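Please look through the sequence and the structure shown here, and then follow the explanation below.

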Amino acid sequence: MPHPARLNRRTFLLATGVSLPLPWLECMAEESSGIHTPPRRFASIYFPNGVGQPKTEALAKYRWWPRGGDKFEFSPTLQPLENFREQVSVVQNTEHASVRRTNGHACGDTWLTGGLINGETYANTISVDQVAANQIGEKTRFASLIMSPEGGIGIRTRTTTLSFDRYGQPIPAEYDIPKIFTRLFCDGSRESIARQKYRLRMNRSILDAVSDQSRNMQGKLGASDRQQMEQYLTSVREIEQRIARSEAWLEKPKPKVEGDVSRFESTPRGSTELLRAYYDLMVLAFQSDSTRVATYQISRENGGPFDALTQPIAGTRWHGISHKGYLEQEEYAQKWHRVDRWCAEQFAYFLGQLKSIREGDATLLDHTMVLYGCSQNYAHTLKRYPTVVAGGNRLGLKHGQLLNMPEKTPFANVLYTILDRLDLPSRPKSFADSTGPIADMLA
């Protein structure tokens, strides 16, 4: 009996001058797995400034949180998620104890890390997305996709990235939509590939020289310096591995995108168009298996150039609304509600895009876990994180529920539950201060 054909994910159909990427097919499953299932993916989306949560019953219609128990009712703010009820869970009462008493905006840095930021102490740690990327990143062209509208790393307690390496150092985010699209999907000319190869060889030569010199120094150093030097050499080895990965992928053609891609040729000016362009890039990156891990920070904490994203939505800036919301004035509660609902609408758009793409007998959303939320709740209080977990129905997540966890449940339990469902080759026993996976999140 003949064996079925095996195809690479980057096999294309060629016709009339157009390249179309194939959908995921069972024959694209990895040889080593022996299991014909699509890859597992993880996306994290962060919004700043907390959510509207007016305390008076007269303004209850503007609250972010759903109401009820098993048969919960989405608030008007989260109503856009109603169509995804069976792919969504809302989680209450989780927080990072390590930042509970710090400044109201020094929380985006630790949303995915659980690192200690308190007063004079800044001891950040690896982010959960990078724990995953370090184990499964070699399977794709890009270990992870990290995006924010400002890009770079920002400053401590106001970072413009959600991702941190194993030493707690921020990893720069990408912001330029045309450049991100080009990096993901556009092949370079032979000349540009040759230049990239040359730069990689030069970098490798420099690293070789640095490594040799560093090792020669180690015997002359004290215990503390040797430890620092070992960390440095570990970083060098990681860079060497990235260079090797880059060299291996350089000659392989990038996946092509069907349809109109003109929206990626320039950065959109409208707030809604901007968010949807970043969401679409994540969808395309997952669909083409260019990466399996992505983070997107909608805007950084405490304002910044992109605080004006909400100007067309509510007639005022995002950060200003969050300060005035505690006054319990309907004018501000209504404005905050508009912003929160607008964010929910764009998130629903993202889920809809993932759900519209078939993979085997399921969808891209079924094989992608999505974390959506913020690490402050109301008026800059760093507790009861607004949290939505979506997708991953084929990865063992259970949805259609409002999970009212015990007060002060570690948010790291949410993160660890997702890590656990990623089925990493070397599954971590814990993450940050997690006490274990959340059983009610598991099917």
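**A walk through the predicted model**

Arginine 101 is exposed, with a relative accessible area of 70%, where exposed means over 50%, buried under 20% and partly exposed in between (1.4 Å probe, protein chains only). This is a predicted model, in which local features need pLDDT of at least 70 and side-chain atom pairs count only at pLDDT 80 or more, while totals for chains, interfaces and linings use all residues. Residues are numbered from 1 along each chain as its sequence is written, and side-chain values use heavy atoms, with hydrogens and water left out.

Arginine 101 is placed in the loop between β4 (88-95) and β5 (116-118), strands being DSSP runs of E of at least two residues and helices runs of H or I of at least four, numbered from the N terminus.

Within strand β4 lies asparagine 93, which counts as buried at 4% relative accessibility and has a positive phi of about 70° although it is not a glycine. Lysine 408, in strand β15 (residues 401-410), also has a positive phi, of about 65°, but counts as exposed at 54% relative accessibility. Most residues other than glycine have a negative phi.

Turning to the aromatic rings, phenylalanine 181 and phenylalanine 264 form a stacked pair, 4.9 Å centre to centre with 10° between the planes; rings of Phe, Tyr and Trp (its six-membered ring) pair if their centres lie within 6.5 Å, and planes under 30 degrees apart count as stacked, over 60 as edge-to-face and the rest as tilted. Phenylalanine 181 lies in helix α2 (residues 177-185) and phenylalanine 264 in the loop between α4 (223-250) and α5 (271-287), so the pair ties together parts 83 residues apart in sequence.
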